[in-house]
Amino acid sequence: MNTVNILLESKIDVWELIARGKVRDIYRSPATGEGQLLIVATDRISAFDYILGSGIPDKGRVLTQMTLFWLDFLKDVTPNHLITANFADYPAELQPYRDQLEGRSMLVKHARMIDVECVARGYLSGSGWKEYKQLGSVCGIHLPTGLRESDKLPEPLFTPATKAASGHDENIPYEFVVDSVGAELARRLRELTLAIYTKAAAYAGTRGILLADTKFEFGFIGGDQLVLADEVLTPDSSRFWPATSYSPGGAQPSFDKQYVRDYLESIHWNKQPPAPALPADIAARTSEKYKEAYRALTGTALD
């Protein structure tokens, strides 16, 4: 495996590092302060809430390029926080960092983020399936009896979750969002989330992909402009299923890191630190899964 293509941690000394998440490093411009941020998608990968000891080749580039594709596709539905991802347009002080930034970073407007994960579900899977088996509902929304795992839902659902700094996000009823942000903003978040999901799912269907579920983040720029922010419709934030192999009644093959989870289960890792590194072949196959999703959805290979 060519380690040249793997960036585990960015080091952009001329801007201030303000956050290092599971995948993304975020920097603040010393010139514009809070006005402008640099988001760098690394090749880190997490599983079972821990960052693993090795990266996935080109993962950060896939996540960034797919986000850019969707931001452009959705520009008539919602504004977003993107300034540019064209490296040639970056400030002069960032130009020496081309090897870390080109293709895997975005300059964005600083947004005041809303503390809610806006999840849309079109199919019954993941935590939604677990809740349905126990209670017959998802996020307090009662569903018809007799549904199977991976069944298409009667209509897409808005199933918000808390934004956890570490560990799993937790599903919450819509009423909790109302209590947290107010009835009007809660309504806007629900309507916008479902509008984005509906348009994206319809397009994905034309590419042979089922968009089972996805999550979005929103924030405010300036006074009250609500914008779509962070990653959008990537394999890290969404379940993409190949339509040709769709068969409800169990889990589905997907374009995400399930391949990594399956490997970790096979070696009986106790899911405690230190997290293991991945063998080269597992990392390479996972990289192909991400690139395969990009090709399927955009119709082009990763440049």
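Here are some notes on how a few parts of this chain pack and pair, point by point.

1. Before you start, keep in mind that this is a predicted model, where local features need pLDDT of at least 70, side-chain atom pairs count only at pLDDT 80 or more, and totals for chains, interfaces and linings use all residues. Residues are numbered from 1 along each chain as its sequence is written, and side-chain values use heavy atoms, with hydrogens and water left out.

2. Let's begin with helices. Two packed helices are described by the angle between their axes and the distance between the axes. The names come from DSSP runs numbered from the N terminus: helices are H or I runs of at least four residues, strands are E runs of at least two. An axis is a line fitted to C-alpha atoms (for helices, over the stretch in contact), and angles run from 0 to 180 degrees between N-to-C directions.

3. Take helix H1 (residues 59-73) and helix H5 (residues 183-206): their axes come within 11 Å and cross at roughly 115°. H1 and H5 are therefore roughly perpendicular to each other. For the labels, angles under 35 degrees count as roughly parallel, over 145 as roughly antiparallel, 65 to 115 as roughly perpendicular, and the rest as oblique. This crossing is right-handed. A crossing gets that label if the near helix is turned clockwise from the far one by less than a right angle, and left-handed if anticlockwise.

4. Which residues of H1 and H5 meet? From H1 you have Phe-69, Trp-70 and Phe-73, and from H5 Lys-199, Ala-200 and Tyr-203. Contact here means heavy atoms within 4.5 Å. The residues of this contact divide into five nonpolar, no polar and one charged. In this scheme Ala, Val, Leu, Ile, Met, Phe, Trp, Tyr, Cys and Pro are nonpolar, Asp, Glu, Lys and Arg are charged, and the others, Gly among them, are polar.

5. Now look at H1 with H7. The axes of H1 and H7 come within 9 Å and cross at roughly 20°, so these two helices are roughly parallel to each other. H1 passes H7 in a left-handed crossing. On the H1 side the residues are Lys-59, Val-62, Leu-63, Gln-65, Met-66, Phe-69 and Trp-70; they meet Tyr-290, Lys-291, Ala-293, Tyr-294, Leu-297 and Thr-298 in H7. By class, that contact has nine nonpolar, two polar and two charged residues.

6. On to charges. Side chains of opposite charge can pair when their charged atoms come close. A salt bridge is a side-chain nitrogen of Lys or Arg within 4 Å of a carboxyl oxygen of Asp or Glu, and by this rule the count comes to 20. In one of them, Glu-288 pairs with Arg-295, with the closest N and O atoms 3.3 Å apart. Glu-288 is partly exposed at 32% relative accessible area, and Arg-295 is partly exposed at 33%. For these labels, buried means under 20% relative accessible area, exposed over 50%, and partly exposed in between (1.4 Å probe, protein chains only).

7. Salt bridges that share partners also join Glu-9, Lys-11, Arg-20, Asp-25 and Arg-44 into one network. Within it, the side chains of Glu-9 and Lys-11 meet at 3.6 Å, N to O.

8. Lys-22 and Asp-49 make a salt bridge too, at 3.8 Å between the closest N and O atoms. This pair links distant parts of the chain, 27 residues apart: Lys-22 is in the loop between strand S1 (16-20) and strand S2 (24-29), while Asp-49 is in the loop between strand S4 (46-47) and strand S5 (50-51).

9. The loop between helix H6 (258-266) and helix H7 (280-298) is worth a look, and Lys-271 lies there. How far apart are the C-alpha atoms of Lys-271 and Phe-48? They are separated by 6.6 Å, although the residues are 223 apart along the chain. Leaving aside neighbours within four places in sequence, Lys-271 is in contact with Phe-48, Tyr-50 and Glu-265.

10. Pro-274 is in that loop between H6 and H7 as well, and a cis peptide bond joins Pro-273 and Pro-274, with omega about 0°. His-268, also between H6 and H7, has a positive phi near 60° despite not being glycine. Is His-268 buried or exposed? His-268 is exposed, at 69% relative accessible area.
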